[in-house]
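Please work through them with the structure at hand.

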Amino acid sequence: MKKVLVIGPVFCDLLLDGFREVPSPGEEEYLDQIQMSIGGVAITAQALTQLGMPADLLSSVGDDIFGRHMLEELNSKGVSTSLVEIRKRERSNLSIIFPLGNDRSFLTQLMSEDCASEQILKETGELDLTGFSHIHISYSLMKHSPYRELIRNASDLGITVSTDLGFDEAKTWVDEDFINLEKVDYFFPNDKEAAILTGTSDMEEAINHLRKWVKVPIITRGGKGAVLLNEQNRFCRIPAPDVPVFNTTGAGDSFVAGFLYGIAGGGSLEESVLRGTICGSMTAGSKFSLSPHINSAELQKFLNNEKSYQEGKK
């Protein structure tokens, strides 16, 4: 089986379990515990391996306790980290996550530069892409010409490409940025990001606007599921399972893995998006940035439940 190449920054997430409110000066609040979890695109890579799809990660970590933890965790789950650069005398990306109702807040420490060092940019030009069936890349890296060249080469080889972006990239988006999507097969903005990019909060209008630039745009909507244009160019709303939400961190990255798993298995766009919403919901209902319960057997249980629910409505 060919592998998926996942490219982008990785984070070590510290999720505060039992956090209720920020203490006032001089006061003290107590936590139940702190959960340490992988974050960033490493979530997508690990979720793919949990689903049975081999994945390579191209990224960088600092030479510190957090970087070593992430590499140990990824290797233990079967993610190939041979393309991960360990930067000497450098700190890893780290986020402290405060769950607040159905949302969350962050305190983040960033590496001194993004995962586009001279070593990694050199490696992208030397990569043999023939062993990969798909490349998923963080949109933030497309400002670097070696990554754009990598995507062009992948497209010429018939390798599909997907990307997503963060809210910060959406806030600074200009029309010229759409050009970077022309070789991309699947694009996963959330509803807030899509509204900024397209200038409309109407999801059908937004998806049609994005369709001018990317083959298959899919807008994720958290607990409302996702919207897309299917193979017949029909606008579709795919629901998300109704699960108790603990922490939405990582749900979008888990969605991507579920979707790619569906596509790789020959599923339609609608079927694959449904798998994505299930994986995203599983993570949102866990205490980690990636649910440890995401696997093919658990995914099938959710699909069977969804099928039974839809048949009961008839």
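**Exercise 1.** How are α1 and α8 oriented to each other: oblique or roughly parallel?

*Solution.* The model is a predicted one, and the values used here are computed from it. Begin with the axes: helix α1 (residues 42-50) packs with α8 at an angle of about 40°, and the two axes are 8 Å apart. Next, compare the angle with the cut-off, since angles under 35 degrees count as roughly parallel. The conclusion is therefore that α1 and α8 are oblique to each other.

**Exercise 2.** Determine how helix α3 (residues 118-126) and helix α4 (residues 145-156) pack.

*Solution.* The axes of α3 and α4 are 9 Å apart, and the angle at which the helices pack is about 20°. That angle makes α3 roughly parallel to α4. In passing α4, α3 makes a left-handed crossing. The contact involves Ile-120, Leu-121 and Thr-124 from α3, together with Pro-146, Tyr-147 and Leu-150 from α4.

**Exercise 3.** Why is the pair of Phe-178 and Trp-213 stacked, and where in the chain do its members lie?

*Solution.* The structure holds 6 aromatic pairs. For Phe-178 and Trp-213, the ring centres are 5.3 Å apart and the planes stand at 15°, so the pair is stacked. The two residues are 35 residues apart and link distant parts of the chain, with Phe-178 in the loop between α5 (167-171) and β10 (186-187) and Trp-213 in the loop between α7 (203-210) and β11 (216-220). Turning to accessibility, Phe-178 is buried with a relative accessible area of 1%, whereas Trp-213 is partly exposed at 29%. Both belong to one aromatic cluster, which Tyr-139, Trp-173, Phe-178 and Trp-213 form.

**Exercise 4.** Describe the pair formed by Phe-188 and Phe-255.

*Solution.* Phe-188 and Phe-255 are edge-to-face, with 6.0 Å centre to centre and 70° between the planes. Phe-188 lies in the loop between β10 and α6 (191-198) and Phe-255 in helix α8 (residues 251-264), so the pair ties together parts that are 67 residues apart in sequence. Both Phe-188 and Phe-255 are buried.

Definitions and conventions. Residues numbered from 1 in each chain as written. Predicted model: local features only at pLDDT ≥ 70, side-chain atom pairs only at ≥ 80, totals over all residues. Heavy atoms only, no water. Axes fitted to C-alpha atoms, helices over the stretch in contact; angles between N-to-C directions. Helix = DSSP H or I, 4+ residues; strand = E, 2+ residues; numbered from the N terminus. Parallel < 35°, antiparallel > 145°, perpendicular 65-115°, else oblique. Left-handed = near helix turned anticlockwise from the far one by under 90°. Contact = heavy atoms within 4.5 Å. Phe/Tyr/Trp six-rings, centres within 6.5 Å; stacked < 30°, edge-to-face > 60°. Buried < 20%, exposed > 50% of the residue type's maximum accessible area, 1.4 Å probe, protein only.
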